[in-house]
Structures are given as structure tokens and as C-alpha cells.
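The following exercises concern the boundary between two parts of a protein chain. Please study the sequence and the model before reading each solution.

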Amino acid sequence: MKIKNRHYRTIWPDPADRRIINIIDQRLLPHRFVIEELRTLADFATAIRDMHVRGAGLIGATAGFAMYGAALAAPTGDPGAYFSDCAQLLRATRPTAKNLAWAVERQLAAIGLEKDRDSRIKKSFQVACEIADEDALFCRRIGEHGVKLIAEISKRKNGQPVNILTHCNAGWLAFVDYGSATAPIYAAHAAGINIHVYVDETRPWLQGARLTAWELREEGVPHTLIADNTGGHLMQHAMVDMVIVGTDRTTRTGDVANKIGTYLKALAAHDNNIPFYVALPSSTFDWEIEDGIGQIPIEERSGDEVNYVSGLTADNRLETVLVPPAGTRSQNFGFDVTPARLVTALITERGVVAANREEIFRMFPEMKKDCS
Ligand code: MRU
């Protein structure tokens, strides 16, 4: 994505010293654009846990580079226990996003085949770059498939704006480039299709208000920010043509974990006969589980994220303020699960697929062998 005419990915090795990995600190967006350097495993773990980086794809790519950081600092001798401890530390940082565990496993498998320290460093760097490149490529392909769904609606509406509602940020900032839910949106905009996006603000962390609104503005996509509870009303009044969201983990049966509040949008879309699409690269599938509500671990974060809000003051300072009475107890579930029956289809890098086991395996037949 371009920021002030310069193309950025959300994570990249420093060209001057590839032991340093650069990220954009998303806690400060949209008011400050700050690049942060990550070097040690602790840096990477903190960046993921405290959401300097976030979003399933980017968490996965960051975990890939974190294992490279671990390889750089590995002790001499047999490193088996060391790498498995590093993997364990990373897996615990954000439990819901499948891409994190997927990237760590991919690195462990690759590192395990190497015989010495130098080759482990070289290999883990190569794999980290592959994970990042693949993430960007898959998101671009999601855009190529998803744009057809938007084009169909546009045709039916004779070129009147297609109104798309999205929740949270499954955008460029949640991946290495393009985004998942936003890839079809950016492709439609680039193709000259008349679109307009309703952006859920997405309490409590406000990924929609802070990140999606910023991305869409940078890309020149017409959009309107709405309070989280507005979507149902808009749908009842035919102001939404389709919903596109991302996902942090999707079962092999098509149940979708995504940012808290997604389920309520899916219910409202179902009640109003509005298509509800979920965009994901295949790295987000959890091929081992069938029952999203029973089996997907839901991250619970600090209640402070509910109680406090941050923003820009009139004199351009970033400030955090308390909203409820001091000492109010709050609970902060990061995600909820939308059952497959409420999902119109999944948009993947291989195409658009119905959210059920048979169709998902028809599209990804090579994964069937691992599942009973
Ligand atoms: O807590 P976050 O910001 O990491 O969660 C991200 C989301 O839940 C997004 O909705 C997104 O759809 C999934 S990440 C592609």
C-alpha cells in the first residue's frame, strides 16, 4: 500500500542490516506513523502481544520473522529445546489467530532439517520471507476473486454505489499487503466500480475507526464510519448490499472466528437476506477442528482496553482517558464465532467457496489426508 506516495509492506527486513526487522507501530495510527525495529525474540513477542502488529496474516508473518530472530540468538550445540521454548512463547502471545501457530510450525519444520547454526539462520530467514511474500500474493488473489462478487452487485444496481459493510480491520495493516476483506474492495476501486464502505468502529480497540478508516482514506475509497451498533439498522433500510469481513481462524467446516461483534453482524445480515462473505488466505484455516464455538480458543484481553480510550487532543497530543467510573470491572473477549450457516461464502486465494466441509475440501483436497 502507498503512504504519501511510498509503497510499504507492514513488515520488512531492514535493507542495511537484515538482522533488524521493521514494522509499523499500529498502536499509534492513524495519528502517528512510526516505524519500529524488532531484533530479539522478546521484541517480537511484545510486538505481537501488545498489538504493535495485529491481524491474522501480519501476526503470522511476524511470528515467521520472530523464529528467524530466535535462530540468530540460538545457543551453540543441540538447539531442539531452545527452539521449542521460543515457539511456545510465541504461540501464547495471541491464541486465536491460526496464522501464528501455522507460521511457527512451518519454521520449526524447516529449522529442524538444518544441521548447523549458520544454515538454520539462513533457512529461517528464507522461510520468513516466503511466509510474508505468500501472504501478500494470496491476499492479491483474494482480491481478484472477490471483486467479481462486487462487480455482479454493481451490474445489478446499474452502477449505483455498492455499499459494503466491514468490521474491524482485515485490511493491508492486518496482513503483509492488500488485506483480506479489503482486497476485493481495493480491486473494485481500482477497476472503477462505484463502491462505498461502511466501517464499523469496532470497540474496544477501534481497529475500524483507527485503521480501516485510515487505509481507505489513503487509498481514496469512499467510506463512512459508523458506531458498532448501527449495522442492523442500515441493513433493515437496504443501505448495505454485502458484508465482507476477515477471520482469525476458520474451521474445516466453515465456522469463522473473527473480531468480537462479527457474529451480530452475521445475524443481522441473515435476517435481512444480505450476503455475508468472509475473506481469508488458506493459512487461516484450522484443518484440525470442526466445531468453532466449542474448539476455537477465544483470547481474553485486559479490561483496560474497554475502560480507556485514546485519541488526539486539540493541541495534537496523543492522550488516553478513562470512560466509566474508576474501578469499574470490565470483560474483554477479543473474538466471537460465526457459525458456517450464517456465512454466504468464503473468499480464498483459490476462489470463492461455500462454507461447508465438502466444498472446502473440494477446493483444498491436499488437506483432506490430514483430517479424519
Ligand atoms: O485483534 P486483532 O486486531 O488482531 O484482530 C483482527 C481481526 O479480528 C480482524 O477482524 C480480521 O478480520 C482478522 S485478521 C485478518
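**Exercise 1.** Which side chain meets that of Glu-299 in a salt bridge?

*Solution.* The model is a predicted one. A salt bridge requires a side-chain nitrogen of Lys or Arg within 4 Å of a carboxyl oxygen of Asp or Glu. The partner of Glu-299 is Arg-94, with an N to O distance of 2.9 Å.

**Exercise 2.** Locate the two domains and describe the extent of their interface.

*Solution.* Begin with the bounds: the assignment places domain 1 at 2-134 and domain 2 at 142-370. Next, consider the separation, which is 24 Å between the C-alpha centres of the two domains. Then turn to the contacts, in which 34 residues of domain 1 meet 36 residues of domain 2. Finally, about 2,900 Å² is buried between domain 1 and domain 2, and carbon and sulfur atoms supply 56% of this area. On the side of domain 1, the residues that lose the most area to domain 2 are Arg-54, Thr-96 and Lys-98, together 23% of what that side buries.

**Exercise 3.** Determine the polar links across the interface and the make-up of the domain 1 side.

*Solution.* Between domain 1 and domain 2, one salt bridge is found, and 21 residue pairs are in polar contact. Strand 1 (2-3), helix 2 (56-72) and helix 4 (98-112) each give two or more residues to the side of domain 1 that touches domain 2. Helix 2 provides the largest share of that side, four residues.

Notes
Residues are numbered from 1 along each chain as its sequence is written. This is a predicted model: local features need pLDDT of at least 70, side-chain atom pairs count only at pLDDT 80 or more; totals for chains, interfaces and linings use all residues. Side-chain values use heavy atoms; hydrogens and water are left out. Domain bounds come from an automatic or database domain assignment. Contact means heavy atoms within 4.5 Å. Buried area is the accessible area (1.4 Å probe) that two parts lose on being put together, summed over both. A polar contact is a pair of N or O atoms within 3.5 Å; within protein, one must be able to donate a hydrogen and the other to accept it, and residues adjacent in sequence count only if both atoms are side-chain atoms.
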